[in-house]
Amino acid sequence: MNELYLNKLRENNFKLTPKRKAIIDFFLKKDRYLTPETVWRGLKKKFIQLGLPSIYRNLELFSKCGILAKIQRPDRKLYYGLCHSKKNNHHHHIICIKCGKVGEFSDCDLLKKKTINGFKITNHSLQIEGICLKCR
Ligand SMILES: [Zn+2]
Ligand SMILES: [Zn+2]
Ligand SMILES: [Zn+2]
């Protein structure tokens, strides 16, 4: 467990339960983007009663805290991976469509918009796709 993720959890008033600690440690150990099923299969030996819905709930909670980034890969499945952003700054993730490398994009103009076409904006999420330097 590292301090950065612990602080992000605290800032959002979520407790560090043994299950949550195990999930974050699993991501730290694997150091790549994982599907909820992979996380579940990796941890159900340790937590016999662990259900997949509980994994989904916690991964979603971690993505709200900025601990995990949620991305959709070309296979249309959702993947989660540790977000390395230090502060709780607004940013989006940019994904290479060839190799799956994930980068961060923080120069988001949408944050300045209060309304769009009469809609009062309360939140937005987006995934940017492209081709990384190495794959070009
Ligand atoms: Zn991030
Ligand atoms: Zn690439
Ligand atoms: Zn934005």
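Here are some friendly notes on this predicted model, taken point by point.

1. **Ground rules.** Residues are numbered from 1 along each chain as its sequence is written, and chains are lettered from A, with ligands numbered from 1, in the order in which they are written. Because the model is predicted, local features need pLDDT of at least 70 and side-chain atom pairs count only at pLDDT 80 or more, while totals for chains, interfaces and linings use all residues.

2. **Confidence.** The mean pLDDT of the protein is 92, and 99% of the residues score at least 70; pLDDT is the predictor's confidence in each residue, from 0 to 100.

3. **Overall layout.** You will find 4 helices and 7 strands in the protein (helices are DSSP runs of H or I with at least four residues, strands are runs of E with at least two, and both are numbered from the N terminus). Along the sequence the pattern reads α-α-α-α-β-β-β-β-β-β-β. The C-alpha atoms fill a box of roughly 50 × 40 × 25 Å along the principal axes.

4. Of the 136 residues, 18% are buried. Here, buried means that 20 or more other C-beta atoms lie within 10 Å of a residue's own, exposed means 12 or fewer, and partly exposed is in between, with C-beta atoms placed from the backbone. Of the contacts with a separation of 6 or more, 47% join residues 24 or more positions apart; a contact has the two C-beta atoms, placed from the backbone, within 7 Å.

5. **Helix α4.** This helix covers residues 52-64, and its 13 residues reach 19 Å from first C-alpha to last, close to the 18 Å expected at 1.5 Å a residue (the expected span is 1.5 Å times one less than the number of residues). Which residues of α4 are buried? They are I55, N58, L59 and F62. These residues lie on the same side of α4 because they cover an arc of only 100° around the axis, the arc being that of the directions from the helix axis to the C-beta atoms. On the other side, P53 and R57 are exposed. The cover over the buried residues of α4 includes α2 (18-30), α3, β1 (68-72) and β2 (78-82). After α4 comes G66, with a positive phi near 80°.

6. K70 stands opposite Y80 in β2, and I71 has Y79 as its bridge partner in β2. The hairpin has 5 residues between the strands, and R76 takes a positive phi near 70°.

7. **The three-stranded sheet.** An open sheet of 3 strands runs in the order β4-β3-β7, with mixed pairing. Its edge strands, β4 (102-105) and β7 (127-130), each pair on one side only. From one strand to the next, the twist averages 30° (axes are lines fitted to C-alpha atoms, and angles run from 0 to 180 degrees between N-to-C directions). β3 (residues 92-96) and β7 are parallel, with 4 bridges, and H93 stands opposite Q127 in β7.

How values were computed:
Pairing = 2+ DSSP bridges.
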